[in-house]
Amino acid sequence: MDLKTTSLRKAFWHYTLPSIAALLVSGTYQIIDGIFVGHFIGPSGLAGINLAWPWIGILLAVGMMIGIGTGAQVSIATGADKHDLAKSFLVNGLALLCIVGLPLALILHHNSEWFLYIQGAREDAAAQGNAYLGIIAPSAPIILASIALPFLVRNLGAPRIATLAMLTGAISNILLDALFIAWLGWGLRGAALATVLGESLSILICLFFLMGSRNPLKLSLKDLKITLGQISRIVSTGASSMLMYLYISFSVILHNVLLLKYGTAIEVAAYSISGFLMAFYYLTAEGISGGMQPLVSYYYGARQFQRVKDTFKLAAQYGIGIGVGFVIMILWVPDFFVGFFSRGNPELEAVARWAIRLQLCGLFLDGFLVLAASWFQSLGLARKATLITLFNMMIQIPFLLTLPWLLGLNGVWIAVPISNLCLSMFVAVLLWKEFKRL
């Protein structure tokens with residue numbers, strides 16, 4: 001597809017539909033993980049996986065940084081017809097996965113128990129969290145590659161292969177969940193093992209494309225050069241994506257600590273249900289921004305600035321609209337969503353109904369912030385993208401520290417939507433100024 005001549009809407013959907021489909025399936029299998037855990041392990045399992053999630057969020061953060069940072073730089077170089085530079089970025093992005101993966105696995109593995117303890121995890125919840133991290137932490141290189149490689153494949157003009165890779169991993173995960181959790185009864189160890197094996201299949205498909213003849217940037221031995229300057233640009237471009245997921249991990253840690261201070265493990269289990277639903281929409285927004293990103297980077301490199309702006313408008317129209325619709329459904333029929341994760345536990349169901357109504361009432365603002373950060377990132381404006389993410393972390397802290405003190409558990413549930421509203425007004429001004437500059 002020639003992006004310089006193809007209509008914007010056609011190009012947008014060519015990249016966005018596979019990205020949305022893949023990430024929706026990814027979101028679906030995460031929800032199905034929660035369904036299996038909720039039904040076959042119970043509230044302690046839901047609490048355990050939620051206490052372990054921030055550690056996984058670190059892996060997601062690094063993987064997104066490498067995948068999006070490399071993908072954006074490859075697309076910008078390709079749009080400017082600098083194919084040797086694009087090859088260099090691709091090689092350095094792949095090298096960065098290896099350089100970071102093994103040390104990160106060692107760090108996470110040797111600090112897992114301490115990490116759960118500082119959040120207040122005790123007894124069953126702590127045991128469940130340790131069981132999950134015992135498999136996930138040593139598998140850090142696999143997790144990183146499964147996140148980053150589909151971004152690279154998609155930005156090289158093969159969104160369908162990227163989608164196939166993610167679909168294969170997701171479907172395999174679901175089938176293995178049924179085998180390991182429901183049939184064999186391996187608990188959260190089974191859930192973690194299913195994730196690692198499913199994502200390994202996704203990696204194999206991506207590597208087959210990257211090393212094969214269908215890769216438009218065909219690599220040879222002479223291209224295998226590590227350049228610190230290229231790695232630095234990849235890291236700076238992808239930093240906002242990394243910070244976005246670090247922010248999510250940080251937010252989950254704060255929530256876990258506060259929920260265990262003002263409530264019990266039941267509240268943490270309810271928060272995990274809210275988190276599964278949030279992840280489903282968040283990944284939808286990421287899918288739309290993932291389809292937007294290569295187009296914006298390419299058009300910017302080709303100096304087609306009106307298309308740069310129109311692509312964001314189109315992405316926001318669908319990303320925010322889907323979020324508004326999802327919020328309406330949650331407020332209208334919360335029992336429908338909670339019922340997926342609980343099997344006859346009235347206490348958990350009552351807490352979760354109230355929690356998702358309060359915490360997810362402004363969910364569509366998360367989509368707006370994701371799209372805005374991704375748009376700045378696609379233009380190579382890493383500082384503005386990073387600023388959005390840093391402010392997202394900074395503005396949330398005072399609300400989480402003061403509202404629970406004033407309102408108890410309700411203050412914990414409403415801190416995020418209020419902080420997102422404040423930040424969205426600031427980001428809207430940044431976007432307006434950048435639109436005027438273009």
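Arginine 353 pairs up with aspartate 335 in a salt bridge, with 3.2 Å between the closest N and O atoms; the term covers a side-chain nitrogen of Lys or Arg within 4 Å of a carboxyl oxygen of Asp or Glu. The model is a predicted one, in which local features need pLDDT of at least 70 and side-chain atom pairs count only at pLDDT 80 or more, while totals for chains, interfaces and linings use all residues. Residues are numbered from 1 along each chain as its sequence is written, and side-chain values use heavy atoms, with hydrogens and water left out.

By this salt-bridge rule the count is three. The pair of arginine 353 and aspartate 335 links distant parts of the chain, 18 residues apart: arginine 353 belongs to helix α13 (residues 346–359) and aspartate 335 to helix α12 (residues 334–338). Helices here are DSSP runs of H or I with at least four residues, strands are runs of E with at least two, and both are numbered from the N terminus. Arginine 353 has a relative accessible area of 29% and is partly exposed, and aspartate 335, at 49%, also counts as partly exposed. On this scale buried means under 20% relative accessible area, exposed means over 50%, and partly exposed is in between (1.4 Å probe, protein chains only).

Then there is glutamate 434, whose side chain meets that of lysine 384 in a salt bridge of 2.8 Å, N to O. Lysine 384 sits in helix α15 (residues 382–407) and glutamate 434 in helix α16 (residues 409–437), so this pair ties together parts 50 residues apart in sequence. Lysine 384 is partly exposed at 29% relative accessible area, whereas glutamate 434 is buried at 2%. The side chain of glutamate 434 also forms a salt bridge with that of arginine 437, at 2.5 Å from N to O. These two residues are three apart in α16, which means a separation of about one helical turn. Through shared partners, Lys384, Glu434 and Arg437 end up in one salt-bridge network.

Now for the packing around α10. Two packed helices are described by the angle between their axes and the distance between the axes. Helix α10 (residues 265–301) packs with helix α14 (residues 363–378) at about 25 degrees, with the axes 9 Å apart. Axes are lines fitted to C-alpha atoms, for helices over the stretch in contact, and angles between N-to-C directions run from 0 to 180 degrees. The two helices are therefore roughly parallel; that label takes angles under 35 degrees, with over 145 roughly antiparallel, 65 to 115 roughly perpendicular and the rest oblique. Residues in this contact (heavy atoms within 4.5 Å) include Tyr281, Ile288 and Met292 of α10 and Phe364, Leu371 and Trp375 of α14. They divide into twelve nonpolar, six polar and one charged. Nonpolar covers Ala, Val, Leu, Ile, Met, Phe, Trp, Tyr, Cys and Pro, charged covers Asp, Glu, Lys and Arg, and the others, Gly among them, are polar.

The axes of α10 and helix α11 (residues 305–332) come within 9 Å and cross at roughly 170 degrees. That makes the two roughly antiparallel. Among the contact residues are Tyr281, Ile288 and Met292 of α10 and Thr311, Ala315 and Tyr318 of α11. By class, this contact has 17 nonpolar, four polar and one charged residues.

Phenylalanine 12 lies in helix α1 (residues 8–40) and is buried at 0% relative accessibility. Leaving aside neighbours within four places in sequence, phenylalanine 12 contacts Ile288, Leu295, Thr311, Leu314, Ala315 and Tyr318.
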